[in-house]
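The sequence and structure come before the account.

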Amino acid sequence: MNREAGAGSGTEPVVLRRARAADARAAADVWLRSFAAALPTVVRPRSDAEVRAYFRHVVVERYETWLAEGPGGAVAGVMVLEGEELSQLYLAPERRGCGIGDRFVALAKERRADGLSLWTFQVNAPARRFYERHGFTPVEWTDGDRNEEREPDVRYVWRRP
Ligand SMILES: CC(C)(COP(=O)(O)OP(=O)(O)OC[C@H]1O[C@@H](n2cnc3c(N)ncnc32)[C@H](O)[C@@H]1OP(=O)(O)O)[C@@H](O)C(=O)NCCC(=O)NCCS
């Protein structure tokens, strides 16, 4: 199966596993597909090649990176934890709405029992509803002057009740 495009049907089972250096390309590819589908109005200042290089040289090397992997190695999603920050959570478009996001957030809470924070774009209403269903609370709004997309965003935190 083509690792870049073939994330499988929404119903195929996935396992969550830590990403290795060799997974950087597939992790970046699922991120790129997810971002393009979910955030068509957000202008990315980085090229696809720059995103792939960032995953290879920074993300997978330095941060706790997890993949959702389907049968045959198809990558259905990627999650990145940077300290207390849930810095990336992106599913393949055909894998949204199947419970994988819930599993990733449960894993993040298990790995960071003291709490988590994250930024999401204000325009990303589905993601905001998703995080709020998982107990995240909005605490800070910006007009986008602190992110490179220059897109208004909102910071969420979760603390163990
Ligand atoms: C946000 C995300 C991680 C949630 O994971 P999930 O497993 O899809 O979670 P849910 O099934 O609870 O769906 C969350 C929301 O996504 C939307 N959604 C779900 N399935 C969808 C699909 N097939 N197509 C489009 N949107 C879908 C829904 O609006 C849903 O919210 P709602 O039920 O309140 O309307 C996942 O949808 C995703 O990767 N989205 C694109 C990337 C993104 O926005 N990441 C967050 C960046 S901070």
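How do the residues of the shell around the ligand divide into nonpolar, polar and charged? They divide into 10 nonpolar, six polar and three charged, where Ala, Val, Leu, Ile, Met, Phe, Trp, Tyr, Cys and Pro count as nonpolar, Asp, Glu, Lys and Arg as charged, and the others, Gly among them, as polar.

The model is predicted: local features need pLDDT of at least 70, side-chain atom pairs count only at pLDDT 80 or more, and totals for chains, interfaces and linings use all residues. Residues are numbered from 1 along each chain as its sequence is written, and side-chain values use heavy atoms, with hydrogens and water left out.

**Contacts of the ligand**

There are 19 residues around the ligand, and Leu89, Leu91, Asn124, Arg129 and Arg133 come nearest; a residue is near if one of its heavy atoms lies within 4 Å. The table lists polar contacts, each a pair of N or O atoms within 3.5 Å.

| Protein atom | Ligand atom | Distance |
|---|---|---|
| Leucine 89, backbone N or O | nitrogen | 2.8 Å |
| Glycine 97, backbone N or O | oxygen | 2.9 Å |
| Arginine 129, polar side-chain atom | oxygen | 2.7 Å |

Taken alone, the ligand exposes 900 Å², of which the protein buries 74% (Shrake-Rupley method, 1.4 Å probe).

**Elements of the shell**

Two or more residues of the shell come from each of α1 (24-38), β4 (85-91), α3 (100-111), β5 (116-121) and α4 (125-133). Helices (H or I, at least four residues) and strands (E, at least two) are DSSP runs, numbered from the N terminus. The most is given by α4, with six residues.

**The lining of the pocket**

Seven residues of the lining of the largest pocket come from β4, which gives the most. This lining divides into 22 nonpolar, 10 polar and 13 charged residues.

Conventions
A polar contact is a pair of N or O atoms within 3.5 Å; within protein, one must be able to donate a hydrogen and the other to accept it, and residues adjacent in sequence count only if both atoms are side-chain atoms.
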